[in-house]
Structure formats: structure tokens, C-alpha cells
Amino acid sequence: MKKRFLLLALLCFSVFSGKAQKFEELAKTPPMGWNSWNKFACDINEEIIRGIADKMVESGLRDAGYIYLNLDDCWHGRRDSLGFITADPVKFPSGIKALADYIHSKGLKIGIYSDAGRETCGGRPGSLGHEYQDALTYAKWGIDYLKYDWCNTEDVNPVGAYNLMRDALRAAGRPILFSMCEWGNSKPWTWAKDTGHMWRTTGDIYNAFDGVDERPGWKAFGVMQILDKQEGLRKYAGPGHWNDPDMLEVGNGQSVNQDRAHFTMWCMLAAPLILGNDIRNMSAETKAIVLNKDVIAIDQDTLGIQGLKVATQDSVQVWFKPLAGGDWAFCLLNRSKESKEYVINWKSLNVEDELSKRSTDFNKTIYVIKNLWNKKMEGNTKKDKKVLVPAQDVLLYKLSIENKKIK
Ligand code: GLA
């Protein structure tokens, strides 16, 4: 009774205080799915998307947690005479509602894309001035996820623009996960916790491990450059509100080692895992990476705390991520083009993490070591461990507390 009264009071408060809220409970762990942009850019159509939906089920991706199938830019047609957005009649002749029904029938959820400006980055109609109309349309179609971009916004204020769309989605009534794609320009991590479920922290990723693709007025970043740009942001993420270092390039042509490192670091960052490859034709190596349940579990850990870098030695970075139940993920990332020997001296790596209030204390606590890529048990943390980290690759371990403590 008391609880009910409190809930009612809370509801009244939020209605009468005029403060709209994003839909809670939608992203307790980092969202997982697939998005059309990295592989297909504007070349999408309903046949491709239906094929992707089929494969998400057949390949086991859906059951591994990848439940969002997200259309990116260029699905749009024109606005009708009343200003409502329509789908491109040539690429999506059956319309988005029919596609959403198909995707839902596969046990998946559907995401769509728009932009806070006049036009999207691909020159399709943006939502500026049509926010409530668009939110209503998405709700009617059965959309579950909106990625909201930032092209052609000119002097639009980002806080106002993203809160406006958040409020429009709330008013439309259908729970829609709100993915903010403002490239980190206004440091959304400092203001968007109650606005979006995730926010891009950087400009776009491109299909390179290490490098910057610089063109007039536009830059895209390799995996390592995006990783470096996450420095200092871990305290802003947590259940319901995630830093988004952009979608994955795994399976788009980098080496298996590089893909493994990319996927692992996104998991260490508790990043949304949004695949960007053609999952209709995945190699066995790509499948082994994106379907590794132990590694996905590091990303999806219920504590929702990003990993931290604790040391760097000769191109090898040492990362820890606190996990629920007292465990840790431990990762060595070799950024160089040569393999590196590394001696893990556990005691010298003791972590005192202020954010999670957790520490490793290798002097007192012994952890058993599981290698999450080769799936082997590899002893415990009593002794130093000498390892070889392949070039542009990782070693990823789960450290679990062994019952006995050293006296
Ligand atoms: C921007 C976004 C990308 C993608 C494209 C689509 O660059 O950051 O992720 O959505 O637009 O045009």
C-alpha cells in the first residue's frame, strides 16, 4: 500500500513538475545489435534487411544477445502533405511497419535513424521541426530504438534538441531506446544521463585498426584512436546510460587479431555492441569472435562499470574491469606490430578502483585464471605469469576469487 502511494506520488511529481523522463529499464546492460551503416552505408533495402533478420536468428546472434536490428541513414522517402515521414518507396516498398512486423516475428527489435537537423548526413529529411510527428510515426510503426544524428544542425542547441526528442518519444508512449549520435561535441556524458540511453563519444569509426582518415571538414578514426578518446569518461557510464565509442568494424576486413582486440576492448569499455558487418556472410573466425559468450558476458556484466587502464609497458596496455560477485576481467592489449613478451607480476598490478570501490589485493586474495579466448583454465594469481601477446591482439582473462585465502 505504502509502496503504491509512493509510486503514485512519484508519477504525479513527474507529470506536474513538467519534467519528462526517458524510458527507464531499456538499457540496464549495454545495448547489443546490428546496424546497416558500416557495411552498407546508403545501399540498404528491405530485402537486405530481411536477410539480416533471418541470419541474426540462424547464426545464433539473437540468442547471444544481439537483439536490435537497426536501419541507419537513407531509409527515408519524402514527407507527405501533412509533414509525416514516409519510407523510400523504391528501397522499402512494403513500408517500415511491415518490416517492423517481420523483424518482431523473429524475436528481434527494430531500430531506426533520424537527425536533429534539417537533413540527415545522407541528405534525407531530418526531424528538425517535426520531432513530435516523427516520434509518433516511429511509435505507430513499432520502432524500438532511435539513433539520432547531428548533421545540418547549424545553430541548434544540443541539450535542447536531444531533450526535445526525448520528450517527444515519451509523449508518443512506446518505449524506444534513445541513442544519441552527437559525436561528443558538447560532452553529452556531462549532461545527458536523463536524456539518452547511450551517447557517441567521438566522430565516426572507420575500418582501420590504427589511423585517422582525414578529409576536408571530416575525420574518421581507427579503433585505437577511438579507444584513446575514451580516457576519463568511465565515471559517466553505468546501467541505463552508456558511453558509445561507435559501432563495431569486426568482420569488415581487418585481421583476426585486430578484430579480436577491437571486440575485446569494446567489451572492456562496457560499450554498446552494435555489429557493422555483413552477417549473411561471416567467416568462421568472425563468428568465433562475435559469438564468444564469455567475452560478451564481460561487456554485459550487471555492475556496468567500464574497465580502467592501469599500466603501459612497451606498447602493451594492462586493463582491469570490475565484475559482479568480486571477479575481474583482465586484459593485455598489444598495440604494436610485433608480438611482445610480458611478465604479469600480479602484486605490482594491484588495483584500487575509487569508482567501483573495489580493489584486487593480490597479496591476500588468490584468483583462478580463465583465458576467455582459448577457453582454458590457466592456473592462478599466486605466481607471476609469463605470456606472449601477439601483435595487435589481446589476451583476455577472467579472474575469479578462489575460495581459500592466504593466511
Ligand atoms: C554520421 C554518423 C554515422 C552514420 C552516418 C549516416 O556520420 O555518425 O554513424 O549514422 O552519419 O549518414
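## Overall composition

The protein chain contains 11 helices and 22 strands (DSSP runs numbered from the N terminus: helices are H or I of at least four residues, strands E of at least two). Its radius of gyration is 22 Å, close to the 22 Å that the globule rule gives for 407 residues, so the chain is as compact as a globular protein of that length (taken over C-alpha atoms; the rule is 2.2 Å times the number of residues to the power 0.38).

This is a predicted model, in which local features need pLDDT of at least 70 and side-chain atom pairs count only at pLDDT 80 or more, while totals for chains, interfaces and linings use all residues. Residues are numbered from 1 along each chain as its sequence is written, and side-chain values use heavy atoms, leaving out hydrogens and water.

## Extent and burial

The C-alpha trace spans about 75 × 55 × 40 Å along its principal axes. Of the 407 residues, 55% are buried (under 20% relative accessible area, 1.4 Å probe, protein chains only).

Eight strands form an open sheet in the order 11-8-7-6-5-2-1-12, with parallel pairing (two strands pair if DSSP finds at least two bridges between them). Strand 11 (242–244) and strand 12 (273–275) are the edge strands, each pairing on one side only.

Within this sheet, strand 6 (residues 145–149) and strand 7 (residues 177–180) run parallel and are joined by four bridges. Leu146 stands opposite Phe178 in strand 7.

How values were computed: Buried means under 20% relative accessible area, exposed over 50%, partly exposed in between (1.4 Å probe, protein chains only).
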